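The discussion takes the form of questions and answers.

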Amino acid sequence: AGYDYGQPGAYFVTICVEGREHLLGDVVEAFQPNRFGHIVRAALTSLPRRYPHIRLDAFVIMPNHVHGIIW
């Protein structure tokens, strides 16, 4: 409470699909993104080009959510 998220720093972000539906791909031995999973990956990797003041660190796309670290 009271933390100013406008401060520079590393932020761990989780974004969930509405209703936690498995819309981004399937796990078959390893995660296999579908068309929507590839769209999410493209959107994430484009963030630093669209917003030069941020840096994308590690991220992982799961069937129903995404985790990432954004600086």
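Predicted model: local features only at pLDDT ≥ 70, side-chain atom pairs only at ≥ 80, totals over all residues.

User: In what order do the elements of the protein chain run from the N terminus?
Analyst: Helices (H or I, at least four residues) and strands (E, at least two) are DSSP runs, numbered from the N terminus. By this assignment the protein chain has one helix and five strands. The C-alpha atoms fill a box of roughly 40 × 30 × 20 Å along the principal axes. The order of the elements is β-β-β-α-β-β.

User: What percentage of the residues of the protein chain count as buried?
Analyst: Burial is judged by relative accessible area: buried means under 20%, exposed over 50%, and partly exposed in between, using a 1.4 Å probe and protein chains only. The protein chain has 71 residues, and the share that counts as buried is 23%.

User: Why does Val17 count as buried?
Analyst: Val17 lies in the loop between S1 and S2. Leaving aside neighbours within four places in sequence, Val17 is in contact (heavy atoms within 4.5 Å) with Leu23, Leu24, Asn64 and His65. Val17 counts as buried because its relative accessible area is 16%.

User: How far apart in space are the C-alpha atoms of Val17 and Met62?
Analyst: These two residues are 45 apart in sequence. Leu24, a member of the largest nonpolar core, has both Val17 and Met62 among its contacts beyond four places in sequence. The C-alpha separation of Val17 and Met62 is 10.0 Å.

User: Is Asn64 buried or exposed?
Analyst: Asn64 is found in the loop between strand S4 (56–61) and S5. Beyond four places in sequence, the contacts of Asn64 are Cys16, Val17, Arg20, Glu21 and His22. Because its relative accessibility is 12%, Asn64 counts as buried.

User: With which side chain does the side chain of Asn64 make a polar contact?
Analyst: A polar contact is a pair of N or O atoms within 3.5 Å; within protein, one must be able to donate a hydrogen and the other to accept it, and residues adjacent in sequence count only if both atoms are side-chain atoms. The side chain of Asn64 also reaches the backbone oxygen of Arg20 at 3.3 Å. The side-chain partner, at 2.6 Å, is His65.

User: What is the phi of Arg20?
Analyst: Most residues other than glycine have a negative phi. Arg20 is found in the loop between S1 and strand S2 (25–28) and is partly exposed, with a relative accessible area of 49%. Although Arg20 is not a glycine, its phi is positive, at about 55°.

User: Where is Glu29 placed, and what is its phi?
Analyst: Glu29 sits in the loop between S2 and strand S3 (30–33). At 87% relative accessibility, Glu29 counts as exposed. Its phi is a positive value in a residue other than glycine, near 70°.

User: Which element gives the most to the lining of the largest pocket?
Analyst: On a 1 Å grid over the protein atoms alone, a pocket is an open set of points where a 1.4 Å probe fits, with protein on both sides within 12 Å along at least five of seven lines; lining residues have an atom within 4 Å of a point. The largest pocket is lined by 13 residues, of which Ile15, Cys16, Val40, Leu44 and Val66 lie nearest its centre. Strand S1 (11–16), helix H1 (35–50) and strand S5 (65–70) each supply at least two lining residues. The element that gives the most, with five residues, is S5.

Methods
Residues numbered from 1 in each chain as written. Heavy atoms only, no water. Core = buried A, V, L, I, M, F, W, Y, C linked by side-chain atoms within 4.5 Å.
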